[in-house]
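Q: Could you walk me through this protein, and explain the terms as we go?
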Amino acid sequence: MPTHVPVFIVTTLLLAMLPGASQALMIRQVLDGGQRTLRGTLAGNASGFVLWSTAAAAGLSAVLLASPAAYTVLRIAGGIVLMILGVRTLRTALTTVSAPTSYDGERSTGFAGGYLTGLITNLGNPKAGVFAISVLPQFVTEEGPVFLSTVALGALWALVSASWYMLLTWAVGRGRALVSRPTVLRGLSVTTGVVLLGLGAAVAAGV
């Protein structure tokens with residue numbers, strides 16, 4: 001069974017708190033996606049963690065990371081998704097953000113669209129795969145159902161990360177009175193778009 005669960009929770013929480021593609025994506029969805037899209041993105045991102053841990057438990061992630069072609073395809077696909085989101089965010093910021101925004105979710109893609117975006121972003125992040133194959137096993141003992149224990153840790157990983165992103169998006173949502181100002185909203189949207197674009201390029205390039 002899993003051991004050192006408190007340490008694992010702290011580790012995954014710190015990992016979630018690190019600035020990266022998922023954080024930028026969540027902020028982008030708060031500003032431009034609507035609540036249904038945001039919930040879908042949270043669920044898709046969490047599902048990615050469970051899939052990564054399940055793959056690690058089954059030994060599939062080891063095969064994936066050992067195959068240059070499969071690894072490259074996954075990495076480039078994830079990078080392209082992030083870059084597309086970055087371009088869309090920048091385009092929105094530079095062309096439509098000129099008046100206070102009502103945040104009614106007019107540009108929302110819905111739960112399904114948000115879920116797919118969150119899932120692809122997570123699965124396209126090779127760092128998640130590396131964590132799943134190299135760190136997760138360190139928290140599982142040789143006794144007991146190793147496969148189920150690893151999957152259970154993956155579910156806990158997803159829960160901890162989702163909790164952090166919910167707190168983060170809640171904080172951003174509470175500051176809507178500030179970010180609804182055109183200049184602030186434009187600046188935040190441009191920053192988010194640039195971050196997504198840069199992260200996407202870095203992921204696709206294997207940096």
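Q: Okay, where is the place of Ser-161?
A: Ser-161 sits in helix α8, which covers residues 146-174; helices here are DSSP runs of H or I with at least four residues, and strands are runs of E with at least two, numbered from the N terminus. Please keep in mind that this is a predicted model, in which local features need pLDDT of at least 70 and side-chain atom pairs count only at pLDDT 80 or more, while totals for chains, interfaces and linings use all residues. Residues are numbered from 1 along each chain as its sequence is written, and side-chain values use heavy atoms, with hydrogens and water left out.

Q: And is Ser-161 buried or exposed?
A: Ser-161 counts as buried because its relative accessibility is 1%, where buried means under 20% relative accessible area, exposed means over 50%, and partly exposed lies in between, using a 1.4 Å probe and protein chains only.

Q: Which residues is Ser-161 in contact with, leaving aside neighbours within four places in sequence?
A: With those neighbours set aside, Ser-161 is in contact with Thr-12, Ala-16 and Phe-49, contact meaning heavy atoms within 4.5 Å.

Q: Zooming out, how many helices and strands does the protein come to?
A: The protein has 10 helices and zero strands, and of its 207 residues, 41% count as buried.

Q: Switching to α2, how many of its residues are buried?
A: For α2 that is 12 of its 12 residues, including Ala-21, Met-26 and Asp-32. Helix α2 takes in residues 21-32 and reaches 16 Å from its first C-alpha to its last, close to the 16 Å expected, a span defined as 1.5 Å times one less than the number of residues.

Q: What follows α2?
A: Gly-34 follows α2, and the phi of Gly-34 is positive, near 95°.

Q: At what angle do α2 and α6 pack?
A: Helix α2 and helix α6 (residues 110-123) pack at about 165°, and their axes are 10 Å apart; the axes are lines fitted to C-alpha atoms, for helices over the stretch in contact, and angles run from 0 to 180 degrees between N-to-C directions. That angle makes α2 roughly antiparallel to α6, since angles over 145 degrees count as roughly antiparallel, under 35 as roughly parallel, 65 to 115 as roughly perpendicular and the rest as oblique.

Q: Which residues in α2 and α6 meet there?
A: From α2, Ala-21, Leu-25 and Gln-29 meet Gly-114, Thr-117, Gly-118 and Thr-121 of α6.
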